Amino acid sequence: MLEFIEKILSPFIYVIKNYYLLMDSLFSFPAISIVFTSLSISIFLLPILRVARVYEDNASIKINHIQEKLKEIPPALSGEQRFRAIEEIYNKNNFHPIHNIYTGISFYTILPILLSAYLFFLNNINIFDVSAFNIINLSQPDKLLGNLNLLPILIFITNYVDSSYRYYEIKSGQNTYLIISFFICILIYNMPSCMTLYWLTSSIFSLFMNLIQLIFQIQFLQKMFREMIS
């Protein structure tokens, strides 16, 4: 199965590998090269993610609306009557529960890139058998907290903060994002530090961009408010 996925993603793996080698030829410091590789790819993906997040936000708003409608169903209704009431709300809003998957579409968009990065690090782990800042070996889990790995925990914390700003008005989107982030944290917990460092950099960049977007939105609303009262 892994070989099949690797074959499909081989163009992405090739690009990531050669770009990393280019960065490493410039910096001659693997940890810094990983950070710049992750940042460069994140910047490249920005236009695609913007489109994905439009669909994501629209889906989250729709789901919130439906959840409010579901709360209006009388508690006395049960069994088939309740099922029909829920079905009627779904039909009126052209909704199916499977549409919840759209609230994580930005993650699904970057998933092939993250998998490609994982396969690149996995297939070239020998070149990361080096120390970073005399603290961690990039080919091993970081163990920065004794027997605990810090980088995966930081990834989850970063994603948690990111979701708080990105979905501050859309709780369903925030919950979906956090559930995905939690399971990712578990899956990558014992991965080599080269991979978790790459992922952490990408997560921090996403948080930074969402904070900038939120600041612009606040400034725009303040400007609109001043115009209204002037």
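How much accessible surface does the protein have, and what share of it belongs to carbon and sulfur atoms? I looked this up before anything else. The total comes to about 14,000 Å², and 67% of that belongs to carbon and sulfur atoms. I note here that the model is predicted.

**Entry: overall layout**

I went through the secondary structure and found 8 helices and 2 strands. Along the sequence the elements follow the pattern α-α-α-α-α-β-β-α-α-α. I then looked up the extent of the C-alpha trace, which spans about 65 × 55 × 40 Å along its principal axes. The protein has 230 residues, and 38% of them are buried. Among contacts with a separation of 6 or more, 71% join residues 24 or more positions apart.

**Entry: isoleucine 41**

I picked isoleucine 41, which sits in helix H3, residues 30-71. Is this residue buried or exposed? Isoleucine 41 counts as buried because its relative accessibility is 14%, under the 20% cut-off. Leaving aside neighbours within four places in sequence, I found isoleucine 41 in contact with Ile16, Ile113 and Tyr198. Isoleucine 113 is 72 residues away from isoleucine 41 along the chain, and their C-alpha atoms are separated by 8.6 Å.

**Entry: a nonpolar patch**

Phe133, Ile135, Leu144, Leu145, Leu148, Ile153, Leu154 and Ile157 make a nonpolar patch of about 690 Å². From this group I looked up leucine 145, which lies in the loop between strand S2 (136-137) and helix H6 (150-166). Leucine 145 has 42% relative accessibility, so it counts as partly exposed.

**Entry: charges and salt bridges**

I found 15 positive and 15 negative side chains, with the centres of the two sets 5 Å apart. How many salt bridges does the structure hold? It holds 2.

One of them joins lysine 71 and glutamate 68, with the closest N and O atoms 3.5 Å apart. These residues are 3 apart in helix H3, so about one helical turn separates them. Lysine 71 counts as exposed at 63% relative accessibility, while glutamate 68 is partly exposed at 45%.

Glutamate 88 and lysine 92 also form a salt bridge, and here the closest N and O atoms are 3.3 Å apart. Both residues lie in helix H4 (residues 79-92), 4 residues apart, which is about one turn of the helix. I looked up their accessibility as well: glutamate 88 is partly exposed at 44%, and lysine 92 is exposed at 66%.

Terms used
Residues numbered from 1 in each chain as written. Predicted model: local features only at pLDDT ≥ 70, side-chain atom pairs only at ≥ 80, totals over all residues. Heavy atoms only, no water. Buried < 20%, exposed > 50% of the residue type's maximum accessible area, 1.4 Å probe, protein only. Contact = heavy atoms within 4.5 Å. Areas by Shrake-Rupley, 256 points an atom, 1.4 Å probe, with all protein chains shown as cover. Lys, Arg positive; Asp, Glu negative; His and termini not counted. Charge placed at Lys NZ, Arg CZ, Asp CG, Glu CD. Patch = residues over 30% accessible without salt bridge, like charges linked within 9 Å, V, L, I, M, F, W, Y side chains within 5 Å. Salt bridge = Lys/Arg side-chain N within 4 Å of Asp/Glu carboxyl O.
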